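The following exercises concern the structure shown below. Each one sets a task and then works through a solution step by step.

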Amino acid sequence: MITSLHNKEIKETAALLARKKERDRRGLFVVEGPKMFGEAPMERIERVYLAQSAAAQMYEKYGDRLSGLSCETVSDEVFVRMSDTKTPQGILCLVRQQHYNIEEILRESKGKRMLFIILEDIQDPGNLGTIFRTAEAAGADGVIMSSWTADIYNPKTIRSTMGSVYRVPFFHVDQMEEAVRRLQKAGVAVYAAHLGGTAAYDACDYQKSTAFLIGNEAKGLREETAACADARITIPMAGKVESLNAAVASSILLFEAARQRRKG
């Protein structure tokens with residue numbers, strides 16, 4: 001059992017929680033809690049840490065799963081220092097990052113109706129994680145992110161995905177315009193959520209392959225990016241509200257596409 005805060009493994013885990021550069025260097029990220037552990041792909045789990053006071057409970061619930069993994073029990077004091085949450089749940093694990101290839105997704109989806117959400121410079125980790133959950137729930141094929149979007153492996157983002165990060169393919173791109181053109185070449189219609197949109201979001205047909213462009217929380221989409229879309233759409237709003245939270249807007253658009261496809 002690890003009881004020292006100066007233990008090398010504890011320091012390395014703390015570094016993974018705190019620094020994107022370290023997560024990228026090691027190709028690992030940290031997940032906390034029974035739910036996130038229980039849904040993590042076994043083949044990607046590198047190491048599991050259990051709080052001393054929770055170890056018996058975790059082995060009772062996840063004994064078969066834990067028996068096939070590298071596990072270490074740590075003192076409760078050490079676990080609290082390892083955790084990124086206010087109320088640690090007694091288990092955390094290191095998971096290997098997953099890397100997807102957009103060309104493979106497009107090839108595998110050829111002939112099917114695809115659905116993507118494209119995010120330009122989304123900064124809030126909670127927003128990003130919520131969008132991932134929504135994307136999975138709406139049946140999206142993937143999330144495409146600009147290189148300036150918040151880190152998907154940020155601990156807050158990971159928690160907000162509630163496990164969707166394990167199942168929804170995602171891609172980072174340096175050139176948004178190029179990514180949009182690649183989707184259009186594959187037969188995907190791209191709609192930009194824009195305050196200057198000329199069509200209401202629910203007046204368009206999303207039963208064909210579709211992608212939605214969502215911009216930065218404060219600035220919206222860059223004009224160069226919006227100009228690449230096939231159409232600009234807007235979400236009509238009452239009162240004096242000028243715009244919606246990026247995650248809320250994404251949810252409305254993705255579920256409108258899902259609704260149309262169910263109805264169709």
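## Exercises on a predicted model

**Exercise 1. Classify R222 by its accessibility, then describe its salt bridge and the partner in that bridge.**

Step 1. The relative accessibility of R222 is 34%, so this residue counts as partly exposed. The structure is a predicted model.

Step 2. R222 forms a salt bridge with E120, and the closest N and O atoms are 3.2 Å apart. The pair links distant parts of the chain: E120 belongs to the loop between β5 (115–119) and α7 (125–137), R222 to the loop between β10 (210–214) and α10 (223–226), and they are 102 residues apart.

Step 3. E120 has a relative accessibility of 1% and therefore counts as buried. The bridge between E120 and R222 thus has a buried member, E120, and a partly exposed one, R222.

Step 4. The loop between β5 and α7 also holds D121. D121 is not a glycine, yet its phi is positive, at about 60°.

**Exercise 2. State how many salt bridges the structure holds, and examine the one formed by D151.**

Step 1. There are 17 salt bridges in the structure.

Step 2. D151 pairs with R23, with 2.7 Å between the closest N and O atoms. D151 lies in the loop between β6 (142–146) and α8 (155–161), whereas R23 lies in helix α2 (residues 20–26), so the pair ties together parts that are 128 residues apart in sequence.

Step 3. Both D151 and R23 are buried.

Step 4. Another salt bridge joins E223 and R232, whose closest N and O atoms are 2.6 Å apart. E223 is partly exposed, at a relative accessible area of 45%, and R232 is partly exposed, at 23% relative accessibility.

Step 5. Salt bridges also link K35, E39, E136 and R167 in a network.

**Exercise 3. Determine which residues of helix α9 are buried, and how they are arranged about its axis.**

Step 1. Helix α9 covers residues 176–185, and its buried residues are M176, E177, A179, V180 and L183.

Step 2. Viewed down the axis of α9, these buried residues fall within an arc of 160°, so they line one face of the helix.

Step 3. Just after α9 comes G187, which takes a positive phi of about 90°. A positive phi of about 55° is found at M162 as well, although M162 is not a glycine. M162 is situated in the loop between α8 and β7 (170–173) and is partly exposed, with a relative accessible area of 35%.

**Exercise 4. Decide whether S75 is buried or exposed, and list its contacts.**

Step 1. S75 is found in the loop between β3 (71–74) and α5 (76–82).

Step 2. Buried means under 20% relative accessible area; S75 has 10% and is therefore buried.

Step 3. Leaving aside residues up to four places away in sequence, S75 touches M1, I2, T3 and Q52.

Step 4. Helix α5 contains V80, which is partly exposed, with a relative accessible area of 49%. The C-alpha atoms of V80 and A137 are separated by 33 Å, and the two residues are 57 residues apart along the chain.

**Exercise 5. Identify the residues that form a nonpolar patch on the surface, and locate L195.**

Step 1. The patch consists of L195, M237, V241, L244 and V248, which together have about 410 Å² of accessible area.

Step 2. L195 is located in the loop between β8 (189–193) and β9 (199–200).

Step 3. With a relative accessible area of 63%, L195 is exposed.

Note on methods:
Residues are numbered from 1 along each chain as its sequence is written. This is a predicted model: local features need pLDDT of at least 70, side-chain atom pairs count only at pLDDT 80 or more; totals for chains, interfaces and linings use all residues. Side-chain values use heavy atoms; hydrogens and water are left out. Patches are made of residues with over 30% relative accessible area and no salt bridge: like charges are joined within 9 Å, nonpolar side chains (Val, Leu, Ile, Met, Phe, Trp, Tyr) within 5 Å. Accessible areas come from the Shrake-Rupley method with a 1.4 Å probe; for residues, only the protein chains shown count as cover. A salt bridge is a side-chain nitrogen of Lys or Arg within 4 Å of a carboxyl oxygen of Asp or Glu. Helices (H or I, at least four residues) and strands (E, at least two) are DSSP runs, numbered from the N terminus. Buried means under 20% relative accessible area, exposed over 50%, partly exposed in between (1.4 Å probe, protein chains only). The arc is that of the directions from the helix axis to the C-beta atoms. Contact means heavy atoms within 4.5 Å.
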